[in-house]
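Visitor: I have a model open and I'd like to learn how to read it. Could you walk me through a few features?

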Amino acid sequence: MKSVLLILLSGLTLVLPAQEYEKRTCTATRTGAAPVIDGELDDEAWTEGEWEGGFWQYAPEEGAPVSQKTEFKLLYDDYNIYVAIKAYDTAPDSIVSRMTRRDDTEGDKVSVAIDSYFDQRTAFGFEVSAAGVKGDLMWIDDGLTEDDSFDPIWYVKTGINDWGWAAEMKIPLTQLRFSASDRQVWGFEVVREIFRHNETDFWQPIARNASGLVHNGGLLKGLTSIRPRKLFDLTPYGVARLETYEGEKGNPYHDGSDIKGNIGLDAKIGVTNNMILSLSLNPDFGQVEADPSEVNLTAFETFFSEKRPFFIEGNNITDYNLGLGSGGRGNDNLFYSRRIGRQPRLSHSAGEGEYAYTPAFTPIIGSAKLTGKSAGGLSVGFIEAVTAKVNTRIYDPLAGETKYRTAEPLTNYSVGRVQKDFSGGKTIIGGIVTSTVRSLDAETEDYFHKSATSAGIDFTRYFANMNYIFRLRTAVSNVTGTDDMIARTQRSVIHNFARPDAGYLDYDITRTSLSGFGGNLMAGKLGGNWQFIYLSSWKSPGFETNDIGYMLMADMYMGVGVINYNIYKPFSVFRNMSFGTNLIHLMDFGGNTNAMAVSQSWSANYLNQWHTFISAQLTSRETDNHLLRGGPAMKMPGQMYLSAGIESDGRKKLSGEMQFSVSKTFNDVMTSYELGFELQYRPFNTLTLNIEPGWSRTVNMMQYVTLRHFEGMNDQSERYIFGSIDQKIYSISIRADYNITPDLSIQYWGQPFFGAGDYSEFKRITDPVATDFDSRYEMLDGGMVSYAIKDRMYSIDENLDSSEDYSFDNPDFTISEFLHNLVVRWEFLPGSTAYLVWSQSREYPADNGLFDVRRQSADLFRQTIPHNIFLVKFSYRFGL
């Protein structure tokens, strides 16, 4: 603690605000003859107006002279904004022109950012590489967050000349959001990146240590008598699909092949210029890449990123993060769109001689989304989606009858998010409401909540030119259902109401509803070289959002004190450097301190464009409320964690990175190692090859196995069974991107995945809070344990009376999987796309716990028949 105070005190004299630069202004010129977008800049229209220049180096060295000159000009008419950029280069043969996928631009590039709302928090970004590849995104929260799901319809061409290269853009006004004022003033920025120098130049100077980007941008004036334009796009689509797989004789649901077709409609309709209604009827996401393989032995759900375009686009508006920091991935959130259309939660088994089939996903009947931001600073995001009832079909061939049992009920999902800016974006007040309503029957009412509702109010205030922030988010939740369902929710490992040692929790089996509250806080200094921030997040025991949101656990309060120091100016061999310290504390709602930790991190970028990082964390002895999965809290030893990595210059044809981590619990309870590599090769500018092998090993003597009930003469209680596990995982992700043109690409992704877990030394928990660690459990050994090889069953005789007290299955496992897909994508017209997709999966599970990649690979390809999916999808945009 003394060293932390010394750091704080020594830093007080160095807490300098970010440098402020004078606002620059550029003027757009109205044109009567629209230029032809061909990248030549030889139209008569470009003789009008003035060229703007005077760019300023942002990186690697703030304020240093730029290595190459850049100029731009803006024209406009009643329908479009036109941008011409001249990227001069004294060595045009050194311009790097790489063909890549949209939104994954590489090489020399230029971009413009337009804050047409002029809210100083949001900007629309339009980027193009020298190869003509588009990149578009929205800068959210003053540029602290980038949303690359923004895919507007706009036009751009580039051309390389003997003086450098040029970019010519046409941005329809339908793709921008602005007020109906006769004279417009917008925020504006132009950025150039010179790839070979790893240099970034800005037209409007912005300090590297600024608290945000958008409010520091320049001004665009001269736009007069333009009117907001409404968007109206209709995109019908058709899909043909063939599946082949290993069939089962006599099974009408798995005969070896399926042929299906589907049609649907996507629409974007401008209710106003600022509000867009997106509709999707009978959507199909067959072209979406599969989730990667995993082994999850915890009690908690794995977070998977959203990949479906309808839900990705504009998802920042409906975001309501209740975790720590600003990241969306893996953080608790009131809205987690992967709940919509998920795998059915119930799957009914067939009886003897019967065949059963449950669809892999829940069909989405239709969905609608209204998003936008008014000229007055009011942001709205509303989502409505209806998913179909899914049945497990059970066929009895002897009776010739088919029974239907509900696997997922008809469900309506709703989300409403509103935010209002005040004082030029310095104050933001907002709220959110979510709702899940299900149509349940007698078969599902004890397994699903009848309804789930959550609501929240948030407040954000920036101070001192947005260098300081105070943000508070609050939320409440309520779920309803039968008493059996609400009891199941209370008992779940997320809530743990039935913990026998938690006197502050009230487990009530008669409840038909459950309510709770949560929230988070962020307060501190953002701008400058030093950052001092306090973050906290809390969820009461009854807080439940997983019907439409994502939440790992309730009954917790976590606080983190963050101290960061950044060096932006190059020195010695370093391009920049950063240091970070986190002080962490975790509590439950009984007032118990569960754990404390301190972490340190350091990262550096070098003048040769290499990058290194190292981080470490020391965690105190902890009290884990969840380790026994509904049982009492258990004390566990402290833990050390270390990770480090190195990354080479990503601009080279051959580049790579390596990182490793090690985690070790005191008392030799658990040791985990993880090693990962990435190698990327670009043999020529249109092809990128990427391979990422990874290996991990975890040896854990306290791995949860199961819960069993023991009924002895003088002892009737639960038995929490643990074992020692030796778990090994090896996987390789392989990716190839061949980009023939900016609009035509071939993409391949594949992942062989091999894992195994070998259990031994089974034990039962006896006193989870004993002072001595070894006194917290009793080994199940000697004459207590017998094993039936044929049944793969362990039998336990605790009192040695030659009678089985309880038993459990052998938990050993071996997993071998291979997933891959090939996608040919052609955007033959803006917004109109054709897909050709081949997807294949192989899986060969075993229960021997043996890890042998060579043997597992042989079994995977010799003993299995692959599941193939061939798909053709065609969509055509009608823009009215």
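**Reading the model**

Guide: Ser-280 has a relative accessibility of 1%, so Ser-280 counts as buried; buried means under 20% relative accessible area, exposed over 50% and partly exposed in between, with a 1.4 Å probe and protein chains only. This is a predicted model, where local features need pLDDT of at least 70, side-chain atom pairs count only at pLDDT 80 or more, and totals for chains, interfaces and linings use all residues. Residues are numbered from 1 along each chain as its sequence is written, and side-chain values use heavy atoms, leaving out hydrogens and water.

Visitor: Which residues is Ser-280 in contact with, leaving aside its neighbours within four places in sequence?

Guide: Contact means heavy atoms within 4.5 Å. On that basis Ser-280 touches Leu-265, Asp-266, Phe-310, Gly-366 and Ser-367.

Visitor: And which element is Ser-280 found in?

Guide: Strands are DSSP runs (E, at least two residues), numbered from the N terminus. Ser-280 belongs to strand 17, residues 275–281.

Visitor: How do I read strand pairing?

Guide: Two strands pair if DSSP finds at least two bridges between them. Here, strand 10 and strand 11 (residues 164–172) are antiparallel partners over seven bridges, with Asn-161 opposite Gly-164 in strand 11.

Visitor: What about confidence?

Guide: pLDDT is the predictor's confidence in each residue, from 0 to 100. The protein chain averages 91, and 96% of the residues score at least 70. Over residues 1–16, though, pLDDT stays under 50.

How values were computed: Helices (H or I, at least four residues) and strands (E, at least two) are DSSP runs, numbered from the N terminus.
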